[in-house]
Amino acid sequence: MKQTRFGAATLAALLLAPRLPAAEAPPLGFTPEGADAQRALEARFDALLEARNLRTWMERLSARPHHLGSAWGKQNADFIAGLFRAWGYDTRIEEFYVLMPTPKERRVELVAPTRFVASLEEPALAEDKTSGQKKEQLPTYNAYSADGDVTGELVYVNWGVPADYEELALRGIDVKGKIVIARYGGSWRGIKPKVAAEHGAVGCIIFSDPAGDGYSQGEVYPKGGFRPDAGVQRGSVKDMPISSGDPLTPGVAATKDAKRLSIAEATTIAKIPVLPISAADARPLLVALGGPMAPESWRGALPMTYRLGPGPARVHLKLAFNWDTATAYDVIATLRGAERPDEWIVRGNHHDAWVNGASDPVSGLVGLLEEARAVGELAKGGFRPKRTLVYAAWDGEEEGLLGSSEWVEAHMDELEAKAVAYINSDSNSRGFLDLGGSHSLETFVNQSLADVQDPAKKLGVLVRSRARTLLNGSPDERKQARASKGVHLEPLGSGSDFTPFLQHAAVASLNIGYGGEGDYGQYHSIYDSFDHYTRFMDPDFSYGLALARTGGRLALRLAQADSLPFDFGPLATAIEGYLDEVRVLADRMREETDQRNKDLEAGTFTAYFTPYETRVAPPRQEPVPRLNLAPLENAVDRVKKAVTAFEQARTSRADRPLTAERARELDSVLRGCERALSSQEGLPGRPWYRHQIYAPGRYTGYGVKTLPGVREAIELRNWREAEEQAVVVGHTLEGFAAEVDRATEILRKP
Ligand SMILES: [Zn+2]
């Protein structure tokens with residue numbers, strides 16, 4: 001499906017990721033002697049890792065609910081800071097003052113045709129020792145819902161994404177003045193109330209269908225680990241694709257005296273009231289719906305007939321919140337670099353949870369802590385990293401990446417001057433290594449993790465990860481995996497703390513974590529506990545140790561390389577692929593639009609429609625013109641040339657190491673290359689997002705959009721903007737190519 005437009009098949013093959021070194025060749029950025037020393041360092045690091053630490057810390061950190069603004073959250077921040085200090089890190093806690101709404105009143109009731117009042121409670125379980133900590137648990141709610149008291153007919157909207165409303169329109173159903181009920185999945189949850197409000201709905205209810213993470217996935221808690229009928233997924237509904245961080249201080253740090261928006265001015269707070277409920281609470285509402293059957297792919301696993309409404313179910317939804325300010329406590333621990341202290345490797349995981357959060361985020365955090373402890377031990381034995389290592393435990397991630405975003409905004413100038421890369425982790429479990437991030441780090445990641453073993457399978461974690469793609473990937477992913485020996489880095493959308501680093505500050509970033517083989521039905525509920533984790537996720541913490549090993553490899557190699565191990569071949573290949581996708585998208589839309597308009601003229605829809613239900617033909621669409629993407633196409637050519645020249649220069653330099661001064665000079669250029677992929681103006685309509693290659697989609701949220709400016713303009717049928725964006729992104733890529741040229745020049749110097 002991917003066409004190569006430039007007759008550059010050989011070049012593309014040459015650029016295909018990854019270039020695993022021949023057995024004797026050292027990894028990128030290392031001399032053969034340096035590589036030997038590095039492997040010795042890593043062996044010492046590995047030998048220091050101990051699973052029982054992870055277990056002890058998880059039990060401690062998840063002992064009580066520790067959401068943003070909670071007493072135990074503060075205690076945890078102090079505890080984590082204490083650990084880092086004991087391990088020899090220069091440690092501080094940075095505070096930010098952020099909007100943290102909590103529910104004052106929550107009510108969902110069916111008022112017609114029958115009456116039912118939703119319980120909105122998750123019951124404690126005897127088998128789960130922290131599930132009864134009612135006094136400290138946040139109730140089930142969506143942070144940054146609007147206040148509201150609304151009554152209306154109910155409509156089932158599937159995931160609640162734009163395509164679902166098109167389906168409803170074909171059945172003559174609109175949601176104006178009504179309350180929608182959407183199931184979890186299909187998008188970031190904040191998209192659901194956003195799209196509902198755009199279509200005129202006055203309220204939004206989100207439920208956990210057992211098809212998603214309940215009994216149709218496996219035994220439910222406490223027998224298995226999947227979501228019980230009364231389990232509820234809390235979560236933020238902030239409009240994350242506009243900006244992450246505190247809703248009242250977009251773009252600036254939420255310090256005490258920061259200029260704040262009023263709540264009414266904050267554009268990322270939901271426009272309508274929205275509440276998550278359990279399958280048990282949803283069922284009576286859904287059963288009361290009449291109207292046509294839901295399309296087949298909309299039906300979940302509740303034992304009932306899925307109907308769309310509207311009505312006769314009428315629902316009353318009442319929500320009121322305390323719009324309080326909470327203090328976010330970010331723990332920042334630094335191990336200063338001996339040779340290049342002004343080059344920072346930042347490694348982070350959040351520490352706040354929705355409730356006890358043993359899995360999310362403590363499972364990832366304890367892996368990071370063990371990694372940092374081992375590095376600290378090495379330092380006590382005399383090791384000093386060349387570059388500075390900064391370990392971070394973020395607060396307020398759950399509400400919208402608050403702690404990390406505010407920290408990035410507060411330290412923007414410093415990050416621009418110093419940041420080399422950011423490595424993120426979050427929840428961890430047993431299973432496959434998931435890798436996402438900047439394509440310029442793809443070769444580095446493959447080289448660094450080649451010897452990390454899957455603890456259960458006793459084979460390389462990369463081998464397993466690649467095997468999964470080969471068997472389960474999309475046709476394109478399989479093809480790509482077959483064409484290379486290594487693992488491809490998934491481009492990052494959003495959903496964890498890498499977003500402010502990658503997409504706002506444009507620091508090269510990675511997201512790492514193991515998972516896919518635990519029973520994952522506790523997400524954002526009171527059942528995400530130590531008891532659940534140690535029964536159904538990673539009972540012996542062996543994958544937690546694998547995470548520590550993985551993070552440690554990446555951090556230590558970035559810290560120690562003679563020159564930064566960035567490789568732009570995989571990036572150039574990826575960008576070329578994204579450009580192809582954008583062209584294919586426009587072509588496909590052109591064909592589909594033509595076809596639809598022809599079918600409308602020919603009466604095809606009317607002929608097909610059932611006479612027994614309302615059916616409405618879709619509107620005629622403006623034909624899709626041929627788009628001029630030449631500025632972008634030319635820029636991609638320019639990038640490929642620059643990258644090839646850089647690689648040739650690096651290869652011919654291999655046996656002549658750079659002087660320390662030149663290596664530093666090269667680092668500073670390489671470091672800036674990711675930033676060259678961003679623009680100060682940001683993306684159309686959402687200037688906080690500056691990266692021009694990766695962003696969360698405006699209507700997907702977590703889901704990534706690559707070349708987002710151009711791609712989303714096409715998706716939204718804004719042809720003029722698509723062409724304007726092709727110029728903007730083209731300029732950005734020309735700037736990036738110029739930076740790569742600068743790096744090449746340094747390599748060519750004597
Ligand atoms: Zn998390």
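**The zinc site and its surroundings**

In sequence, the residues that donate to the zinc ion follow the spacing H-x9-D-x65-D. The structure is a predicted model, in which local features need pLDDT of at least 70, side-chain atom pairs count only at pLDDT 80 or more, and totals for chains, interfaces and linings use all residues. Residues are numbered from 1 along each chain as its sequence is written, and side-chain values use heavy atoms, with hydrogens and water left out.

The protein donors are His350 (NE2), Asp360 (OD), Asp426 (OD) and Asp426 (OD), at 2.0 to 2.5 Å from the zinc ion. Asp360 belongs to helix 9 (residues 358-380), whereas Asp426 lies in the loop between strand 12 (419-425) and strand 13; the pair, 66 residues apart, thus links distant parts of the chain. Donors are N, O and S atoms within 2.8 Å of the metal (3.2 Å for Na, K and Ca), and sites may look incomplete since water is not among the atoms. Helices (H or I, at least four residues) and strands (E, at least two) are DSSP runs numbered from the N terminus. Both Asp360 and Asp426 are buried, a term for under 20% relative accessible area, with exposed meaning over 50% and partly exposed in between (1.4 Å probe, protein chains only).

Strand 13 (residues 431-437) is mostly covered, with 6 of its 7 residues buried. Strand 13 runs antiparallel to strand 14 (residues 509-516), and 7 bridges join the two; strands pair if DSSP finds at least two bridges between them. Gly437 has Leu510 in strand 14 as its bridge partner.
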